[in-house]
Amino acid sequence: KHFDNYFIIGSSPNSVLSNSVNVTIEKDSVKLSYAGFAQVISAERYNSLGKKDDAIMTCMLRYSSVVATSQQWQIHRAMYKVLVDKYDVTLEAFASPLNSQLILIPNKKMKFCSLFPDVDSVFGSVGRFMETSFSGLSVAVNPPYVLSVLELTVAKCIAECEMAECFGGKVRMFIMSAAWTD
């Protein structure tokens with residue numbers, strides 16, 4: 001797929017952007033820009049995403065158009081590494097290619113649930129958290145800190161555990177949260 005096919009400008013469906021994704025690589029970061037939009041990611045993340053410039057830019061544009069700033073938070077990777085090594089966690093809930101910690105841990109089995117699986121699946125998204133079955137999996141769950149989402153997340157985790165118990169399966173859900181005191 002070519003990136004220009006994702007965005008149409010003007011009233012005519014035949015008028016498409018003719019720009020291409022510009023990539024500026026520095027020591028520890030990579031800046032991707034397209035048609036006046038630019039975003040910087042770490043060189044490590046850029047490399048882990050397979051240097052797929054068009055797909056990365058599509059993902060960046062999608063998230064920046066609907067998700068408020070500062071919503072790509074994540075728990076420190078060392079915590080995920082413990083969950084991977086000790087409990088065989090292979091799936092991260094509520095992630096994106098821009099903030100998933102599991103996909104940066106060397107292991108081809110690592111996947112994540114994301115808001116936009118249509119553009120994120122190329123990077124390992126298995127779908128949206130609320131629509132995914134977790135039977136037989138160990139899952140790291142770090143939902144957005146929004147009360148309604150937190151309540152739905154707890155209900156989904158309980159339902160997954162009850163379903164596993166009912167059908168003789170197993171599932172592990174590790175719910176993580178920042179230690180906020182305000």
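1. Phe94, Phe129 and Phe134 form one aromatic cluster. This is a predicted model, where local features need pLDDT of at least 70, side-chain atom pairs count only at pLDDT 80 or more, and totals for chains, interfaces and linings use all residues. Residues are numbered from 1 along each chain as its sequence is written, and side-chain values use heavy atoms, with hydrogens and water left out.

2. How many aromatic pairs does the structure hold? There are 4 aromatic pairs. Rings of Phe, Tyr and Trp (its six-membered ring) pair if their centres lie within 6.5 Å; planes under 30 degrees apart count as stacked, over 60 as edge-to-face and the rest as tilted. One of the pairs is Tyr63 with Phe116, which is edge-to-face: 4.9 Å centre to centre, 70° between the planes. This pair links distant parts of the chain, 53 residues apart. Tyr63 is in helix α2 (residues 53-66), and Phe116 is in the loop between β5 (111-114) and α4 (117-120). Helices (H or I, at least four residues) and strands (E, at least two) are DSSP runs, numbered from the N terminus.

3. Are Tyr63 and Phe116 buried or exposed? Buried means under 20% relative accessible area, exposed over 50%, partly exposed in between (1.4 Å probe, protein chains only). Tyr63 has a relative accessible area of 5%, so Tyr63 is buried. Phe116 is at 11% relative accessibility and so counts as buried.

4. Now the pair of Phe94 and Phe129. The ring centres of Phe94 and Phe129 are 4.6 Å apart and the planes are at 40°, so the pair is tilted. Phe94 lies in strand β4 (residues 91-95), and Phe129 in the loop between α4 and β6 (138-141), so the pair ties together parts that are 35 residues apart in sequence. Phe129 is buried, at 4% relative accessible area. Phe94 counts as partly exposed, at 23%.

5. Arg62 lies over the face of Phe116, at 4.9 Å from the ring centre. A charge sits over a ring if NZ of Lys or CZ of Arg is within 6 Å of the ring centre and within 35 degrees of the ring normal.

6. Look next at helix α3 (residues 77-87). Tyr80, Leu83 and Val84 are buried there. Why do they sit on the same side of α3? They cover an arc of only 95° around the axis, which puts them on the same side. The arc is that of the directions from the helix axis to the C-beta atoms. On the other side of α3, Asp85 and Lys86 are exposed. The buried residues of α3 pack against β4, β6 and β7 (172-175), where contact means heavy atoms within 4.5 Å. Asp88 follows α3, and its phi is positive, near 55°.

7. Then the sheet. An open sheet of 3 strands has the order β1-β2-β3, with antiparallel pairing. The edge strands are β1 (22-25) and β3 (37-42), and each pairs on one side only. Two strands pair if DSSP finds at least two bridges between them. Strand β2 (residues 29-34) is joined to β3 by 6 bridges. Ser33 has Ala38 in β3 as its bridge partner.

8. Finally, the chain as a whole. The protein chain has 5 helices and 7 strands. From the N terminus on, the elements run β-β-β-α-α-α-β-β-α-β-α-β. Of the 182 residues, 38% are buried.
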